[in-house]
Structure formats: structure tokens, C-alpha cells
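User: I'm new to this one and would like to go through it slowly. Could you show it to me before I start asking things?

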Amino acid sequence: MDFASLMSKEISKAKGSTTPSSGSEQNGSSKPPQKKYARRADEEAARVAAYKEEQARIEKEREERMAHKRKLEEEEADRRHEREEKKRRLAEESRKKREEEEAAKERERRKRIGLPELPPTPSEKDETPEREGEGGMEDIGDEELTEKLRELSEPSLLFGETHRGRLRRYRKLLERSREVQKMTDGPIPTTLEPVPEVEMKIPENVPKDAEGRQFLLRQLASYFNMVLFEWELALAKRDVTVKQSLQGRQAYNAMVQSRENMTPLFRKFEKSDIDDIVLEHIVEITHKAQQRRYVDANDAYLRLSIGKAAWPIGVTMVGIHERSAREKLHQGDKQAHILSDESTRKYLQSIKRCLSFAQTRWPPDDQLQIMG
């Protein structure tokens, strides 16, 4: 075989191996060429997608575990509730049975020795149906009664308490809540009923009868609430620049502090346990303030706060003999040092601030009655 035939044979063999691949390429069934290089963005996107899938799988497993746990807890709570209800029912039945046995023995003993019969026990009374007019309320279901007791911030069930007992307890709580007096609206909420402005004129002296004294306390509470309301309204009408200034903020803080400090005085008015001497001076201050005699009202305030007792100034005893005028230092008004009480001092100072505002809100006709 010569070289030419050998080369033609090799060429034909090579053509035979490449022809199917070229044919497949022509038919469109060739595989896409593999990429030699990969982009970093594609790798990062694939990593993020894999991370999100992993996190979603973990979250789904966690939710399944929590749902399973909640289901087990609910089942355990239901079983516990059933056990407690069964214990309570058994305890109630055993208590009733024991009471019935004791009552039967006591009736037999009384019948044997000739004593009168026993009155019905509380359990027997509970078992009897209640009349329509008794309590003025129909029977309530257990779930609704539980909700109503919880709304009143009361335990829904006491140990050994029957349904009738719970209903009776709810009725008592409802009646007690209805008996609570309603607080009136105002700068200082109070249970004292306010009086109209035309009836707000304070007398010169404190009435002796209880009804007149109670009406006087209502008048005082209404007057001070009116002054505080007017004070707050006057501060609200100021310009914004005045409100935000230092003096404006101080004036508002003084009003708020006066309102807070006068709250104990209103509580004394409600309970009617205020001292007679203090009440007389407050009545005098308010009466003169309503007449726009603010200087006289301020004098009454000074007599109430520091009194008329002589205050020792300097040397009171220079020899071995006591002077005759020295005993006057310990005589005088019993209210000379009333400011030693913190609560009293605060509401008296608040009354003085109300006087200062009242003379600007209702100025006097006589300019000499303006306080300095």
C-alpha cells in the first residue's frame, strides 16, 4: 500500500467520525457549550436564594413546633380545667351530702328530745328557685357571669362557691358600684354637687346646722373650681410667644401646682372633717374676695396663716425676774403656727394665689382694695 492510499483511508475515516456530529448540529439537537467562566453576581444570587430557602425552611419548622407546643398546652389546660372542675364538683357534692347527713341527724335528735325543727340551711335556700322580684335580676349563665365579674376586677370563682353564690356576689358588687357617688367635672373632680353661680355667694359666718354647713362646703368647692377654671382659661387665651416664655411657663406651673395642692382641701370638704377655725377663716377670705375687698381678704389670710400671737424677737429676759408682759408671748390665736402642717400650708398658699388671680379677673371698684 502506497502513501497516497494510506492517507485517503485516514481522511475517509476522519470524515466518517465527524459527519454524525455535523449532522446533529444541523438538526438543532446539539448540547449548549459549557461555560468556561462564571459571573460573581450569578454566584451571589444563587447563594442568596439558597440562604432564603434555608431560612424559610427553618421558620416553617419553628412555626410547626410552636403550633404543636400551643396545641399541647391547650390540651393540658383543658385537662387541668376538667380535673379542677371535677374536684370542685366532687367537693361540693360531698359537702352537701355531709351537711344533709348532719342536718338529718340533728333533726332526729331534736325530734327525739322534743325540740323545734331547724330552719332551712343556706344550701337549701340556694337550691330553691329565686323569685322574680328578688334581686331584680334574672339568672345569668356561667360564661357571662364570669365575664361580668372580671369586668368588675373580681375573682370569677371562689373556693367552694356555687352558681347561686356567684350570682349573689355579683349583685352585691353591682349594687355597691351603683352606690358610689359620681365625680363632677371640673379642675378638681369632687363628689360634692356644684351649685349655680347665682347661689355661690358665701355668708359671713359658718352656719350652725348640718344642712347649712354641707351647703356651705358645696358653695366653697364650686367657687374655687370656678376660680381655677377661669384661671386656666385666661392662661389658655395668651399668645403663643407668651406661653412659651419663662414667665408664661412659670404662671402655668403655678396654676397646676395650686390645683394639685387644693385637692386635699376638697377631700376635707367631701368628708366634712375640716377644722372649725380653719373653715371660719376660709369663709371670711372667700366672702371678702366675692365682695372684691381683696386687701381685707389678704388680712384674713394673714390672720389664718401666722395668727395674732406675739413673736419673740431678740432678748425676752434680761434679768432673774420674769417681766409681766412676757406671758403674752404664749397667748393669742391657737392657729399662730398653722403653716407647720405641710398639706395645710400648701392649700392655704393656693388660696392666696387664687386671690391674686381673682383681683385681676374681677378687679375692685376701690383701687385701695388691690393687694400689692
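User: Where is Asn-205 found?
Analyst: Asn-205 sits in the loop between H5 and H6, where helices are DSSP runs of H or I with at least four residues, strands are runs of E with at least two, and both are numbered from the N terminus. Before going on, please keep in mind that this is a predicted model, in which local features need pLDDT of at least 70, side-chain atom pairs count only at pLDDT 80 or more, and totals for chains, interfaces and linings use all residues. Residues are numbered from 1 along each chain as its sequence is written, and side-chain values use heavy atoms, with hydrogens and water left out.

User: Is Asn-205 buried or exposed?
Analyst: Asn-205 is exposed, and its relative accessible area is 59%; buried means under 20% relative accessible area, exposed means over 50%, and partly exposed is in between, using a 1.4 Å probe and protein chains only.

User: And how far is Asn-205 from His-287?
Analyst: Along the sequence Asn-205 and His-287 are 82 residues apart, while in space their C-alpha atoms are 9.1 Å apart.

User: What about Leu-192, buried or exposed?
Analyst: Leu-192 counts as buried, with a relative accessibility of 7%, and its place is also in the loop between H5, residues 163–179, and H6.

User: Which residues does Leu-192 touch?
Analyst: Leaving out residues up to four places away in sequence, Leu-192 touches Thr-184, Gln-214, Leu-217, Arg-218, Ala-221, Phe-269 and Glu-270, where contact means heavy atoms within 4.5 Å. Leu-192 and Lys-271 are 79 residues apart in sequence, and their C-alpha atoms are 9.8 Å apart in space.

User: Stepping back, how many helices and strands does the chain have?
Analyst: The protein chain has 12 helices and zero strands. Of its 372 residues, 25% are buried, and among contacts between residues at least 6 apart in sequence, 62% join residues at least 24 apart.

User: OK, helix packing next. At what angle do H6 and H8 cross?
Analyst: The axes of H6, residues 210–236, and H8, residues 246–261, cross at roughly 160° and come within 10 Å; axes here are lines fitted to C-alpha atoms, for helices over the stretch in contact, and angles run from 0 to 180 degrees between N-to-C directions. H6 is therefore roughly antiparallel to H8, given that angles under 35 degrees count as roughly parallel, over 145 as roughly antiparallel, 65 to 115 as roughly perpendicular and the rest as oblique.

User: Which residues make that contact?
Analyst: From H6 the contact uses Leu-228, Trp-231, Glu-232 and Leu-235, and from H8 it uses Ala-251, Tyr-252, Ala-254, Met-255, Ser-258 and Arg-259. By class these are seven nonpolar, one polar and two charged residues, with Ala, Val, Leu, Ile, Met, Phe, Trp, Tyr, Cys and Pro counted as nonpolar, Asp, Glu, Lys and Arg as charged, and the others, Gly among them, as polar.

User: How do H8 and H12 pack?
Analyst: H8 and H12, residues 342–361, pack at an angle of about 130° with their axes 8 Å apart, and they are therefore oblique to each other. Their contact is made by Ala-254, Gln-257, Ser-258 and Asn-261 of H8 together with Lys-346, Tyr-347, Ser-350 and Arg-353 of H12, which by class gives two nonpolar, four polar and two charged residues.

User: New topic: what is phi of Ser-272?
Analyst: Phi of Ser-272 is near 55°, a positive value in a residue other than glycine. Most residues other than glycine have a negative phi. Ser-272 lies in the loop between H9, residues 263–271, and H10, residues 276–290, and is partly exposed, with a relative accessible area of 31%.

User: And what is phi of Arg-292?
Analyst: Phi of Arg-292 is also positive, near 65°, and this residue lies in the loop between H10 and H11, residues 294–305. Arg-292 is partly exposed, with a relative accessible area of 33%.
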